[in-house]
Amino acid sequence: MTIQKLIEQIKIKKSFLCIGLDVDLNKFPSHLLELEDPIFEFNKVIIDATHDLCVSYKPNIAFYEAYGLKGWQSLQKTINYLNENHPEIFTIADAKRGDIGNTSSMYAKAFFEDLNFDSVTVAPYMGKDSVEPFLAFENKHTIMLALTSNEGAFDFQTQNINGKELYKVVIETSTSWKNSENLMYVVGATKAEYFSEIRKLIPDSFLLVPGVGAQGGSLQDVCKYGMNENIGLLINSSRGIIYASNGVDFAEMARAEALKMQVEMSEILNNL
């Protein structure tokens, strides 16, 4: 998917919501556990209930790998369902991959060619040759960890390196890599005060923003400091939407929570 198509969907739906499909059988409604593939059935029902309110879905790959081959098959069925029924939706494989060049090439093929995701998250610690293989794919996007929302982010990411925070060094360096126009960045909502500085470095890039809601991040603050002329934000919510209920009404409750966020986003967009 091109960035322009993503921007068009944001304008059409008046939403920049990304819904995280972080599946956990322990949190599923009990009636789904009787089905042959409860993971796919859960995802399908969530997608059917919310696809008109969001522009993106983000399965966290760990939650599928944890269930072995069956989990991977459920992931395959989920991405196939999205691509066949909602090709306008921007899909993110939240895999946080990153390794030496030939290994990264294989990771990229797995997510971009075999599974046909629009994007994948990567960790930049190993540098240019670990990320550029992902960037080589046309109309595919690589979402690089920049400044995350977890407590351990302060261990390295904000450390001062020769007068500049490490996350800034990482972002600046990445803009010089081949096909860097295919980069997006992960920036946690709990670090809202950093968005202004980040926008000075990458004014035009899309930012994937976890941490709104359950982790305490403010949508209003993120938009105030992080939005650009093309919106440039994908706000992720996972648990707050998909596990709003673990009863037979889980789809209705998920839609209700997604609608709350979409309405708030629509108001923000209308006030631009």
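This is a predicted model: local features need pLDDT of at least 70, side-chain atom pairs count only at pLDDT 80 or more; totals for chains, interfaces and linings use all residues.
User: How is the packing of two helices described?

Analyst: Two packed helices are described by the angle between their axes and the distance between those axes. Take helix α2 (residues 38-50) and helix α12 (residues 250-270): their axes come within 9 Å and cross at roughly 45°. That angle makes α2 oblique to α12. The crossing of α2 past α12 is right-handed.

User: Which residues make the contact between α2 and α12?

Analyst: From α2 come Phe 42, Val 45, Ile 46, Ala 49 and Thr 50, and from α12 come Phe 250, Ala 251, Ala 254, Arg 255 and Ala 258. By class, this contact of α2 with α12 holds 8 nonpolar residues, 1 polar and 1 charged.

User: At what angle does α10 pack with α12?

Analyst: The angle between α10 and α12 is about 35°, and their axes are 11 Å apart. Here too there is a right-handed crossing, of α10 past α12. On the α10 side are Leu 219, Gln 220 and Cys 223, which meet Glu 264, Met 265 and Ile 268 in α12. The contact of α10 with α12 divides into 4 nonpolar, 1 polar and 1 charged residues.

User: Why do residues three or four places apart in an α-helix point the same way?

Analyst: An α-helix has 3.6 residues a turn, so residues at that spacing point the same way. For a case, look at helix α8 (residues 166-174), where the buried residues are Tyr 167, Lys 168, Ile 171 and Ser 174. Seen down the axis of α8, these buried residues fall within an arc of 135°, so they line one face of the helix.

User: What do the buried residues of α8 pack against?

Analyst: They pack against β5, β7 (164-165), β8 and α9 (195-201).

User: Which residues are buried in helix α6?

Analyst: In α6 (residues 128-135), they are Ser 130, Val 131, Pro 133, Phe 134 and Leu 135. Their cover includes β3 (90-97), α5 (101-114), β4 (119-122), β5 (141-147) and β8 (183-187).

User: Now a residue in a loop. Is Pro 210 buried or exposed?

Analyst: Residues under 20% relative accessible area count as buried. Pro 210 has a relative accessible area of 18%, so Pro 210 is buried. Its place is the loop between β9 (207-209) and α10 (219-226).

User: Which residues does Pro 210 touch, leaving out those up to four places away in sequence?

Analyst: Pro 210 touches Ser 149, Val 186, Val 187, Gly 188, Ala 189 and Asn 236.

Definitions and conventions
Residues are numbered from 1 along each chain as its sequence is written. Side-chain values use heavy atoms; hydrogens and water are left out. Helices (H or I, at least four residues) and strands (E, at least two) are DSSP runs, numbered from the N terminus. Buried means under 20% relative accessible area, exposed over 50%, partly exposed in between (1.4 Å probe, protein chains only). Contact means heavy atoms within 4.5 Å. Axes are lines fitted to C-alpha atoms, for helices over the stretch in contact, and angles run from 0 to 180 degrees between N-to-C directions. Angles under 35 degrees count as roughly parallel, over 145 as roughly antiparallel, 65 to 115 as roughly perpendicular and the rest as oblique. A crossing is left-handed if the near helix is turned anticlockwise from the far one by less than a right angle, and right-handed if clockwise. Ala, Val, Leu, Ile, Met, Phe, Trp, Tyr, Cys and Pro count as nonpolar, Asp, Glu, Lys and Arg as charged, and the others, Gly among them, as polar. The arc is that of the directions from the helix axis to the C-beta atoms.
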